[in-house]
Amino acid sequence: MQNPVIILGAQKLGTAALDIFNSNNVVVYCFLDDSKDLQQQELNNVSVMSGTEDGEFLKLIGKKCDVFVAVEDSAARKGLVKMLKDEYKVVPVNAIHKFSAVSEFAWLGHGNMVGAGAIVNNNTKIGNNNIIESRALIDTTAAIGDNVQIGAGAIINSEVVVEEGAFSGTGAVIVSGVKIGKNARVGAGSVVVANVPAKATVFGNPAAPIK
């Protein structure tokens, strides 16, 4: 049986992660969140005990507990993952919903969230600390970098490459063979038929740059 999990972050992503662990009958030990308004509160029957860098709780990680990072802000999430690796010599576990479908021939790194109804097909490569929301589809041989967020119902077709830090909104469609550059953003409902440069924002059908 998997160790209990401490979730760093008790807001939208945190409660989504709790639901995922609950779906797999994994005990969540507590939340840690830096919002003073949330600390000492209970969310979905789990207590928010302290801040995300409280050593009294973090010292349990790797010994009695596993950890998952679900902080909303991408930069803060990356910082916490680095702190866990550097100071505690641990990496976050994956949170994969019981009602998702992840091929046994897909490759996943660590710290990924895969929501209910999401599909990750064979020979797909998923990096680290990605958020794949409910009912998203990542098709055969697609490659997803680190710290990528894929919105609910988005479709990443075969042989698509999504580089580090990119964002695809709800219901976006990335057609086969397209490359989404580092830290690029794809608007909700967009259909992307051509490569998107790093840091660019595109929207529409077909997706066009927003200046």
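Predicted model: local features only at pLDDT ≥ 70, side-chain atom pairs only at ≥ 80, totals over all residues.
## S103 and its surroundings

The backbone nitrogen of F105 sits 2.9 Å from a polar atom in the side chain of S103. S103 belongs to the loop that joins strand 7 (101–102) to strand 8 (107–108). Apart from residues up to four places away in sequence, S103 touches V120, N121 and N122.

## The chain as a whole

Three helices and 24 strands make up the secondary structure of the protein chain. Along the principal axes, its C-alpha atoms fill a box of roughly 50 × 40 × 30 Å. How does the radius of gyration of the protein chain agree with that of a compact globule? For 211 residues, a compact globule would have a radius of gyration near 17 Å, and the protein chain has 17 Å, so the two agree.

Of the 211 residues in the protein chain, 48% count as buried. The accessible surface of the protein chain is about 10,100 Å², and 50% of this area belongs to carbon and sulfur atoms. Among contacts with a separation of 6 or more, 25% are made by residues 24 or more positions apart. The protein chain carries 18 positive and 20 negative side chains. The centres of these two sets lie 5 Å apart.

N94 is located in the loop between helix 3 (74–88) and strand 6 (95–96). The relative accessible area of N94 is 24%; buried means under 20% and exposed over 50%, so N94 is partly exposed. Neighbours within four places in sequence aside, N94 is in contact with F21, F68, L108, G109, H110, G111 and N112.

The side chain of N94 reaches the backbone oxygen of G109 at 2.9 Å. In sequence, N94 and N112 are 18 residues apart, while their C-alpha atoms are 4.7 Å apart in space.

## M113 in strand 9

M113 is part of strand 9, which covers residues 113–114. Is M113 buried or exposed? Its relative accessibility is 5%, and because buried means under 20%, M113 counts as buried.

With residues up to four places away in sequence left out, M113 touches L13, A16, A17, I20, F68, A95, N130, I131 and I132. F68 is named among the contacts of M113 and among those of N94. The C-alpha atoms of M113 and V93 are separated by 9.2 Å, and the two residues are 20 apart along the chain.

## A172 between strands 18 and 19

A172 lies in the loop between strand 18 (167–168) and strand 19 (173–174). A172 counts as buried because its relative accessibility is 0%.

Which residues are in contact with A172, leaving aside its neighbours within four places in sequence? They are A154, I155, V186, G187, G189 and S190. One of them, I155, is 17 residues from A172 along the chain, and the C-alpha atoms of the two are 6.2 Å apart.

## Backbone exceptions in loops

Most residues other than glycine have a negative phi, and most peptide bonds are trans. Q40 is not a glycine, yet its phi is positive, near 70°. Q40 is placed in the loop between strand 2 (28–32) and strand 3 (42–43). With a relative accessibility of 60%, Q40 counts as exposed.

E159, also a residue other than glycine, has a positive phi of about 65°. The loop between strand 16 (155–156) and strand 17 (161–162) holds E159. E159 is exposed, as its relative accessible area is 54%. A further case concerns a peptide bond: the one from N205 to P206 is cis, with omega near -5°. P206 is in the loop between strand 23 (201–203) and strand 24 (208–209).

Definitions and conventions: Residues numbered from 1 in each chain as written. Heavy atoms only, no water. Helix = DSSP H or I, 4+ residues; strand = E, 2+ residues; numbered from the N terminus. Rg over C-alpha atoms; globule rule 2.2 N^0.38 Å. Buried < 20%, exposed > 50% of the residue type's maximum accessible area, 1.4 Å probe, protein only. Contact = heavy atoms within 4.5 Å. Areas by Shrake-Rupley, 256 points an atom, 1.4 Å probe, with all protein chains shown as cover. Lys, Arg positive; Asp, Glu negative; His and termini not counted. Charge placed at Lys NZ, Arg CZ, Asp CG, Glu CD. Polar contact = N/O pair within 3.5 Å; in protein donor to acceptor, adjacent residues only side chain to side chain.
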